[in-house]
Amino acid sequence: MSKDLIYTRNIGIMAHIDAGKTTTTERILFYSGITHRMGEVHDGAATMDWMVQEQERGITITSAATTCFWDYNNNKYKINIIDTPGHVDFTVEVERSLRVLDGAVAVFCAVGGVEPQSETVWRQADKYNVPRMAFINKMDRTGADFYGVVNQIKEKLGANPVPMQIPIGSEDNFKGIIDLIERRAILWKEDETMGTNYEYSDIPEELIEETEEWREKLIEAVCESDDDLLERFFENREAISVEEFMEATRKAVINRTIVPILCGAAFKNKGIQRLLDAISALLPSPIDVGAVNGINPNNDEEITREPDTEQPLAALAFKIATDPFVGRLVFLRVYSGVIESGMNVFNPRTGKKERITRLYQMHANKQIPRERIEAGDICAAVGLKNLVTGDTLCDIKKPIYLESMTFPDPVIGVAIEPKTQQDIDKLSIALGKLAEEDPTFRVKTDEDSGQTIINGMGELHLEILIDRLKREFKVECNVGAPQVAYKEAIVSTVAHREIFKKQTGGRGKFADIQVELSPADPGESGLQFVDAIKGGNIPKEYIPSVEKGFKEAMRNGVLAGFPLDSLKVVLKDGSFHAVDSDALSFEIAAKQAFKHGLAKAKSVLLEPIMAAEVVTPEEYMGDVIADFNKRRGQIEGMESKANSKVIKAKVPLAEKFGYVTVLRTLTSGRATSTMEFSHYDEVPAELAGKIIDKIKGIKSTV
């Protein structure tokens with residue numbers, strides 16, 4: 001086992017939009033010597049926001065990976081960092097990054113506190129059991145409230161926040177921090193050294209009492225997770241050394257019993273070096289995270305791989321990007337073994353071998369060539385052609401299949417066509433490449449109209465993708481109005497018999513099935529297929545074809561051609577013909593049974609419902625609520641935050657197009673809103689009829 005792995009950290013920086021993730025990452029790169037000039041997000045010069053669209057809009061769209069080194073306690077730590085987006089439309093970037101990371105730093109704005117997207121990324125980190133620490137940023141901003149944010153982390157996220165530092169002053173008076181373990185103040189000098197210079201001093205007189213109070217809370221929280229330490233602490237408080245205490249804190253962080261809280265002001269260069277110290281001291285190395293579990297594709301048994309170079313190779317492809325110079329880049333997290341340039345690897349999903357032509361260590365969009373990458377590291381590979389996000393790469397002789405990733409379904413679509421006939425092929429290739437990169441971006445051709453429809457997670461998501469088509473792939477497009485990704489469902493149970501017969505001279509086609517179609521059981525999604533055939537009335541080899549037919553038919557419902565999210569099919573009886581029956585006959589019979597059976601059932605239209613949150617000055621609250629009511633919104637709660645009101649509501653996506661512009665008008669540009677997908681719900685009957693008529697009208701005119 002490589003001892004260097006103890007000093008490796010694979011971490012993500014995650015937060016709500018505008019909390020300062022990218023600025024924090026830029027400072028980390030500066031202080032660790034990777035960059036010599038600090039890039040600013042608002043100037044469009046941030047290293048990690050390398051896409052043109054990111055620089056123009058001042059937001060992060062794609063998760064960027066980089067590696068830096070930091071000296072702590074006489075050891076050199078290698079820190080692989082992924083800076084993730086904060087905007088909800090790009091939540092897939094956060095999801096797939098957290099899947100392969102060992103630890104995370106959640107950045108919170110000292111003014112905004114725990115915002116909607118902070119909650120989303122926190123839940124994603126919970127899903128993958130990622131240990132994390134929090135950095136409360138923007139302590140120099142008007143309205144900064146360190147203790148308020150700590151409280152929100154506890155109440156809204158259900159975490160156990162434990163400050164390891166407290167601020168000295170806030171807003172314009174934010175001067176430095178107090179280290180609670182070492183009982184000393186750290187003050188940054190206001191000079192030309194960009195925050196590199198700071199000095200230790202005694203704790204200001206007026207903060208001694210507060211320091212002791214918070215220090216006591218820190219010690220109690222850490223000791224609670226270590227019985228031996230707790231006993232010694234009660235016997236003699238001073239007997240525990242700083243090293244022992246840090247070790248116990250580290251264990252508590254890795255076990256996710258506490259979340260250490262640090263603070264600073266990244267833009268003013270305050271607090272970043274201490275954050276790097278804390279990342280090195282407290283977040284887990286690949287060895288702490290331990291073995292990764294997978295399935296042996298040959299016998300479906302569970303197997304493990306230790307983070308060791310001596311073990312067989314196991315790596316997960318967590319992202320695919322198209323680079324104009326090197327082509328298709330596959331980002332990999334190597335869990336065990338070694339991956340080398342020129343080696344052959346095995347993909348258990350396809351059952352095929354692939355060859356890695358080149359390996360790179362990434363620094364944003366720049367590649368540093370490497371011949372060999374060892375267990376516990378993150379890299380990018382070129383030459384892998386048939387790989388998709390979530391695939392495993394492993395040793396040919398000792399295969400393993402690592403748990404893949406699940407991605408949310410897109411909720412919005414637009415019709416798209418190239419402006420010139422010559423660009424038809426170019427558009428097809430470009431859309432294929434974008435869909436490869438982004439699992440939440442889907443492309444389909446509408447069977448009735450022949451139009452190409454692209455689907456994504458929101459208006460901004462599609463806007464960026466269309467912009468990329470124009471800039472990266474040089475394809476100018478005409479774009480239709482946004483369409484909601486409706487779904488269909490049945491709410492009644494029907495029995496149906498379908499007989500499919502076809503005589504064409506010679507051998508014919510025959511299949512006879514009796515099915516019961518009903519809503520899926522609670523908690524089930526997709527096709528819930530039950531084989532209830534007794535006595536071999538339908539041969540076993542034809543039953544998978546019936547299931548396949550229903551599964552494919554679910555892509556187009558009977559109301560308006562929208563997909564069904566869930567359906568229960570019980571195959572009760574049927575018959576076959578010794579000569580004319582075959583697998584295809586039963587598949588066609590299933591498709592026809594779906595069509596004819598659903599026509600007898602009561603079907604409903606489902607629409608995506610969004611969880612919206614608006615932060616507005618109090619005087620505009622009435623107007624914002626009235627506007628929500630007009631949009632079929634349901635107000636779910638209101639609370640006060642600083643000098644504003646926070647309104648939470650559930651609103652159908654169909655009513656939210658162009659909402660940002662309306663909100664600006666209503667509140668003179670002073671309110672902000674965020675929106676994320678919540679669930680699908682039934683469209684009211686009178687409205688459903690209009691939507692179906694409109695869609696059928698559009699299709700009939702094409």
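Predicted model: local features only at pLDDT ≥ 70, side-chain atom pairs only at ≥ 80, totals over all residues.
Residues are numbered from 1 along each chain as its sequence is written, and side-chain values use heavy atoms, with hydrogens and water left out.

Back to S22. Strand S22 covers residues 378–382 and pairs with strand S15, residues 327–336. The pairing is antiparallel, over 5 bridges. Pairing here requires at least two bridges found by DSSP. Strands are DSSP runs of E, at least two residues; helices are runs of H or I, at least four; both are numbered from the N terminus.

Is S22 covered or open? Mostly covered: 5 of its 5 residues are buried. Buried means under 20% relative accessible area, exposed over 50%, partly exposed in between, with a 1.4 Å probe and protein chains only. In a regular strand, side chains alternate between the two faces of the sheet. In S22, Ile378, Ala380 and Val382 point one way. Cys379 and Ala381 point the other way.

Now the whole chain. The protein chain has 17 helices and 38 strands. Of its 702 residues, 54% count as buried. Take contacts, meaning heavy atoms within 4.5 Å. Among those between residues at least 6 apart in sequence, 71% join residues at least 24 apart.

Confidence next. pLDDT is the predictor's confidence in each residue, from 0 to 100. The chain averages 83, and 88% of the residues score at least 70. Residues 36–63 stay under 50; for them the model has 95 contacts beyond four places in sequence.

On to a second sheet. This one is open, with 4 strands in the order S31-S32-S34-S33 and mixed pairing. Which strands stand at the edges? S31 (494–502) and S33 (526–531): each has a single partner strand, so one side of each is left without a neighbour in the sheet. Neighbouring strands are turned by 30 degrees against each other on average, direction ignored. Axes are lines fitted to C-alpha atoms, for helices over the stretch in contact, and angles run from 0 to 180 degrees between N-to-C directions.

Inside that sheet, S32 (residues 509–518) and S34 (residues 566–575) run antiparallel, joined by 7 bridges. Leu517 stands opposite Val569 in S34. Two helices lie across these strands. H14, residues 583–600, lies across S31, S32 and S34, at about 40 degrees to S32.

Aromatics. Rings of Phe, Tyr and Trp (its six-membered ring) pair if their centres lie within 6.5 Å; planes under 30 degrees apart are stacked, over 60 edge-to-face, the rest tilted. The count comes to 11 pairs. One of them, Phe108 with Trp122, is tilted: 6.2 Å centre to centre, 45 degrees between the planes. Phe108 lies in strand S4 (residues 103–109) and Trp122 in helix H4 (residues 116–127), so the pair ties together parts 14 residues apart in sequence. Both residues are buried. Elsewhere, Tyr7, Tyr72 and Tyr77 form one aromatic cluster.

Last, Tyr659. Lys656 lies over its face, 3.5 Å from the ring centre. The rule: NZ of Lys or CZ of Arg within 6 Å of the ring centre and within 35 degrees of the ring normal. Tyr659 is also in contact with Asp627, a residue of helix H15 (621–630). Asp627 counts as buried, at 7% relative accessibility.
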